Amino acid sequence: MKHMDEKVISMLIEAEAKRNPAASSSAGTGQTDRADLSKLLVEIEGEKVMFHEQELLDGRVRITMPRSLRPMTRQEALVKYPSERRPAIIFTNDDLSINLTFNHTANVLDVEEFKDAMVQITRSTQPIREWIGDGVQQAEEKTFGYCEFMSPALNTNIYNLMIFASLDKRFLICTFNCIEEDKKAWRPVALAMLDSLRVHETAEGGGAQ
């Protein structure tokens, strides 16, 4: 299987070079740049990473994410997120240093009000190392709130990017986090992933689920 994966990646690299030979393979040159997830492969920390569109919650949520991220096991989640209020859906890499989580909450608020409430709760309950920013943006007639910050952890800091959207009049919270050492390489990818997030009240091509 590993040999086949390497073969597939090699073929994709060749296809990408033919499709767009002048394009850079970098995931982003500046801190505010977004990675180009429309490519077949994205280079992250010197490695070619394959991306795909992942469907969640009966197809009502879609996000472009690395194929290398896998569902976190229950045992891993108990250690990584010891609180019983851990996210319902957690994707991670093999060493648990890159995480993408989703939680459909019971909260009912305006998106901007919810974002402001989450910012206030986060800043008052967590020891923040650095508050990077927060705001509201529009995508396909949907309003999304977001915030970015650094929080302390054992022997390192954690980069957090959170996005909030309304689904079934309840809030969907999507969070990306990684250790500080990976922030430079992964922040442009995280921003692009959360930019790719699409939320629909009904599954595409079908009725309400």
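**Ground rules**

I number residues from 1 along each chain as its sequence is written, and I use heavy atoms for side-chain values, with hydrogens and water left out. For this predicted model I ask pLDDT of at least 70 for local features and 80 or more for side-chain atom pairs, while totals for chains, interfaces and linings use all residues.

**Overall count**

I began with the secondary structure. The chain has 4 helices and 11 strands. I take helices (H or I, at least four residues) and strands (E, at least two) as DSSP runs, numbered from the N terminus. I then looked up burial. Of the 209 residues in the chain, 44% are buried. Buried means under 20% relative accessible area, exposed over 50%, and partly exposed in between (1.4 Å probe, protein chains only). The chain exposes about 11,700 Å², and carbon and sulfur atoms supply 50% of that. Accessible areas come from the Shrake-Rupley method with a 1.4 Å probe; for residues, only the protein chains shown count as cover.

I traced an open, antiparallel sheet of 7 strands in the order 4-5-6-10-9-8-7. Two strands pair if DSSP finds at least two bridges between them. Strand 4 (70-71) and strand 7 (130-139) stand at the edges with a single partner strand each, so one side of each has no neighbour in the sheet. Strand 4 is joined to strand 5 by 2 bridges. Pro71 has Phe91 in strand 5 as its bridge partner.

Which helix packs on this sheet? I find helix 3 (residues 111-125), which touches strand 7, strand 8 (142-153), strand 9 (156-167) and strand 10. The direction of helix 3 makes about 170° with that of strand 7. Axes are lines fitted to C-alpha atoms, for helices over the stretch in contact, and angles run from 0 to 180 degrees between N-to-C directions.

I picked out Val111 in helix 3. Val111 counts as buried, at 10% relative accessibility. Leaving aside neighbours within four places in sequence, Val111 is in contact with Thr143, Phe144, Gly145, Phe164, Ser166 and Phe171. Contact means heavy atoms within 4.5 Å.

I found another open sheet, of 4 strands, with the order 1-2-3-11 and antiparallel pairing. Its edge strands are strand 1 and strand 11 (198-199), and each pairs on one side only. Helix 4 packs on this sheet, touching strand 1, strand 2, strand 3 and strand 11. The direction of helix 4 makes about 160° with that of strand 3. Strand 3 (residues 61-66) is joined to strand 11 by 2 bridges. Val61 stands opposite Val199 in strand 11.

Strand 1 and strand 2 form a hairpin with 2 residues between them. In the turn, Glu45 has a positive phi of about 50°. I count 4 bridges between strand 1 (residues 41-44) and strand 2 (residues 47-56). Leu41 has Met50 as its bridge partner.

**Aromatic pairs**

I get 4 aromatic pairs. Rings of Phe, Tyr and Trp (its six-membered ring) pair if their centres lie within 6.5 Å; planes under 30 degrees apart count as stacked, over 60 as edge-to-face and the rest as tilted. Phe91 and Phe102 are edge-to-face, because their ring centres are 6.4 Å apart and their planes at 90°. Phe91 lies in strand 5 (residues 89-92) and Phe102 in strand 6 (residues 98-104), 11 residues apart. Both are buried.

Phe176 and Trp186 are stacked, because their centres are 6.1 Å apart and their planes at 25°. The pair links strand 10 (residues 170-179) with helix 4 (residues 183-195). Phe176 is buried at 0%, and Trp186 is buried at 9%.

**Salt bridges**

I count 10 salt bridges. The rule is a side-chain nitrogen of Lys or Arg within 4 Å of a carboxyl oxygen of Asp or Glu. Arg70 and Asp94 meet at 3.4 Å, N to O. Arg70 is in strand 4 and Asp94 in the loop between strand 5 and strand 6, so the pair ties together parts 24 residues apart in sequence. Arg70 is partly exposed at 23%, whereas Asp94 is exposed at 67%.

Which residues meet Lys115 in salt bridges? I find Asp116 at 2.8 Å and Asp134 at 3.0 Å. Asp134 is in strand 7 and Lys115 in helix 3, 19 residues apart. Lys115 is buried at 6%. I also note a salt-bridge network of Glu53, Glu55 and Arg62.
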